[in-house]
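Visitor: I have a model to look through, and I would like a friendly tour of how its chain is put together. Could you walk me through it?

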Amino acid sequence: SNVTGVQTCALPILGFEQLGHPIGSLSSIVSTLSVLLTPLGSIGRQNMRVTLATEFLPESSAAEITGGVEAYTHFVGGRLGDHHEVEIVARRTSGDSIDTATMDSLLGRVLFMLRSMFQVWRSRPEVTIGTNYVSHPAAWIGGRLRRARVVFWYPDVLIGSWRSGAFGKFGVVFEYLERAVLSLPADCYIAITETVRDKLIAQGIAPHKIIVIPCGYDPDEVARISRTSTGEPPQVVVVGRLVPYKRVDLVIEAVALLAAENWDLHLEIIGQGAELEELKGLANARGVEDRVTFRGHVRTHAAVLEAIAASEILVSASEIEGFGIVLAEAMALGTAVVASDIAVFREVSQQGKGALHFAQGNAQELADQIRSLLADPQLREQQVLNAREVCREYRWDKIADTTSTLIENLGARREVSIDRR
């Protein structure tokens, strides 16, 4: 099938029981491995044959996105087809369920990696791009067998975090997997922030192999969204997976603190995950269940953006992030941002120019920052104006162009260096 001008090879889902699919039989695996790819057609300017291997790809142009990897593949992978002959090896997802790093998902991920490896090899690439610790090995082995240049797009380095308890008691298994992936010598590493670049260097990756190319937002999509906030009552929105390290509980606690001060506000939570019932229980326990709406999975990306545009403030209390795409989207939409004071959010906001920050894990400071924006419309408007300047560099079209130049340099065996002015 084709997505925005790019040839795609959508692999069936095998072994993901939490997505409602049984583990595939040996015959189905063999059948998958026997599929021959359709020859790539003429796609834009065919400078390089590029194969992008990724776990998940939205199933339609409506962009059923539940994470940064899907966003990168959808917005950048498609645009690369304007410059190169591109094939995306992925499994389609509607976004109705999310897959997290658990032992239950490990077998399915290994099977997917093996099948992707074969499809990458079959595509005869000149450059391969892997997007996470599952698709990196597929891109590396499939690419090396074709003597292709290999790029690892790196959304975050989780070594250390895997053991923190944020990913469950078996997080250590995935830490070993990530260490194994980092031992594979890629030709280039795309870090999405300087923070991630520093983490890669700390793991022994040579600095000259790393280039920082951020994530972003789609300016055309943002332009189609109208701000609909009425401010009565003012709405705060959270967008993200309902998992412990996102700290959505902290936002509910902050709303409860403000409600105790007789602030009339409403919290809308967009996302799905294992913490849903626990978070509902917390809202009930704090007496703010009538002030909190759990919308669950919002299917289309445009609908998510509309919800952000309908809010005065977007909050992210996350403790682990590689970028925080939703911050860039809120900045572009004119919604004020309050985010936890972690290194990557500081970097994305340009040291607080595009967002207010609060001490990690501190519900009172979060409540104080929300209050300051609600109580002072001029402060909120100034932050919105500042944020629009900050987010100018976070555009998927520019990011795709920069990535295209990188691919051309790699194909010509030139140094990995790009002028991003």
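Predicted model: local features only at pLDDT ≥ 70, side-chain atom pairs only at ≥ 80, totals over all residues.

Visitor: Which share of the residues in the chain is buried?
Guide: Buried means under 20% relative accessible area, exposed over 50%, and partly exposed in between, with a 1.4 Å probe and protein chains only. The chain has 421 residues, and the buried part of them comes to 57%.

Visitor: How many helices and strands does the chain have?
Guide: Both are DSSP runs numbered from the N terminus, helices being H or I with at least four residues and strands E with at least two. The count for the chain is 15 helices and 14 strands.

Visitor: Why is helix H4 largely enclosed by the rest of the structure?
Guide: H4 covers residues 135-144. Its buried residues include His-136, Pro-137, Trp-140 and Gly-143. H4 is largely enclosed because the buried ones number eight of the 10 residues.

Visitor: Which residues does Leu-200 contact, leaving aside neighbours within four places in sequence?
Guide: Contact here means heavy atoms within 4.5 Å. With those neighbours set aside, the partners of Leu-200 are Tyr-154, Val-157, Leu-182, Tyr-189, Ala-191, Ile-205 and Ile-210.

Visitor: At roughly what angle do the axes of H8 and H13 cross?
Guide: Axes are lines fitted to C-alpha atoms, for helices over the stretch in contact, and angles run from 0 to 180 degrees between N-to-C directions. Among the residues that meet are Leu-250 and Leu-257 in H8, and Leu-366 and Ile-370 in H13. The axes of H8 (residues 248-260) and H13 (residues 363-375) come within 8 Å, and the crossing angle is roughly 60°.

Visitor: Is Gln-350 buried, partly exposed or exposed?
Guide: Gln-350 belongs to the loop between helix H12 (343-348) and strand E14 (356-358), and its phi is also positive, near 55°. Its relative accessible area is 32%, so Gln-350 is partly exposed.

Visitor: How far apart in space are Gln-351 and Asp-341?
Guide: Gln-351 lies in the loop between H12 and E14, and its relative accessible area of 57% makes it exposed. Gln-351 and Asp-341 are 10 residues apart in sequence, and their C-alpha to C-alpha distance is 9.6 Å.

Visitor: How many disulfides does a search of the whole structure find?
Guide: A disulfide is a pair of cysteine sulfur atoms within 2.5 Å. Cys-215 is buried at 2% relative accessible area, and Cys-391 is buried at 3%. The number of disulfides found in the whole structure is zero.

Key
Residues numbered from 1 in each chain as written. Heavy atoms only, no water.
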